[in-house]
Amino acid sequence: MDMRELLKKTVEQGKWINIRETGGTWLVTLDLKGGRKQTVIVSTFEEGGHQYGRFKSKIGPATALSSQRPTSALKMNAGLTHGSLAIDGDDLVIQETIMLAESTPTHLLASLQYIGEAADRYEKMMGGGDKH
């Protein structure tokens, strides 16, 4: 199943998701508690003959990781159910990579929800508003 089909079936399961395709990627906007929203960028790539999907959501600027925060971010990685914290360009993000051949709409829905909720939670912890 390709990513477009997988996302379509996922939306059927999770009515709180809005998806917009743009230039080979998908912007998935999740409606969260308290009227907040979080965007997860979904892209695909191939490596070693396998198709993968990557989910990425911005938390805030990487420059906010001063003093003890980089160590804290690495420690938080150990407790994440899905994905990991990373620096992507100028942004601190949470991201996850999945193998498309092994993915189901139920798995994708759980991953997207977790990535979006975790990014929003960390965005709040870093003192950010509802920016991403």
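Visitor: In the hairpin of β2 and β3, which glycine takes a positive phi?
Guide: Gly34, with a phi near 75 degrees. Five residues stand between the two strands of that hairpin. A word on the source: this is a predicted model, where local features need pLDDT of at least 70, side-chain atom pairs count only at pLDDT 80 or more, and totals for chains, interfaces and linings use all residues. Residues are numbered from 1 along each chain as its sequence is written, and side-chain values use heavy atoms, with hydrogens and water left out.

Visitor: What makes β2 and β3 a pair?
Guide: Two strands pair if DSSP finds at least two bridges between them. β2 and β3 (residues 37–47) have six bridges, in the antiparallel sense, so they meet that definition. Within this pair, Trp26 stands opposite Val42 in β3.

Visitor: Which strand pairs with β2 over six bridges on the side of β1?
Guide: β1 itself, residues 17–22, pairs with β2, residues 25–31, in the antiparallel sense. Ile19 stands opposite Val28 in β2. Two residues lie between the strands of this hairpin, and Gly23 has a positive phi near 55 degrees.

Visitor: How many bridges join β5 and β6?
Guide: Five, again antiparallel, with β6 spanning residues 91–99. Ile87 stands opposite Leu92 in β6. The β5–β6 hairpin has two residues between its strands, and Gly89 in the turn has a positive phi of about 65 degrees.

Visitor: How many helices and strands are there in the protein?
Guide: Three helices and six strands. Their order from the N terminus is α-β-β-β-β-α-β-β-α. Helices (H or I, at least four residues) and strands (E, at least two) are DSSP runs, numbered from the N terminus.

Visitor: Why does His82 count as buried?
Guide: Buried means under 20% relative accessible area, exposed over 50%, and partly exposed in between (1.4 Å probe, protein chains only). His82 has 16% relative accessibility, so it counts as buried. Of the 132 residues, 38% count as buried.

Visitor: Where is His82, and what does His82 touch?
Guide: His82 sits in the loop between α2 (69–77) and β5 (84–88). Contact means heavy atoms within 4.5 Å. Not counting residues up to four places away in sequence, His82 touches Ile94, Glu96, Ala110, Ser111, Tyr114 and Ile115. Its C-alpha atom is 21 Å from that of Leu65, 17 residues away along the chain.

Visitor: How many side chains are positive, and how many negative?
Guide: There are 16 positive and 16 negative side chains, and the centres of the two sets lie 7 Å apart. Lys and Arg count as positive and Asp and Glu as negative; His and the chain ends are not counted. Each charge is placed at NZ of Lys, CZ of Arg, CG of Asp or CD of Glu.
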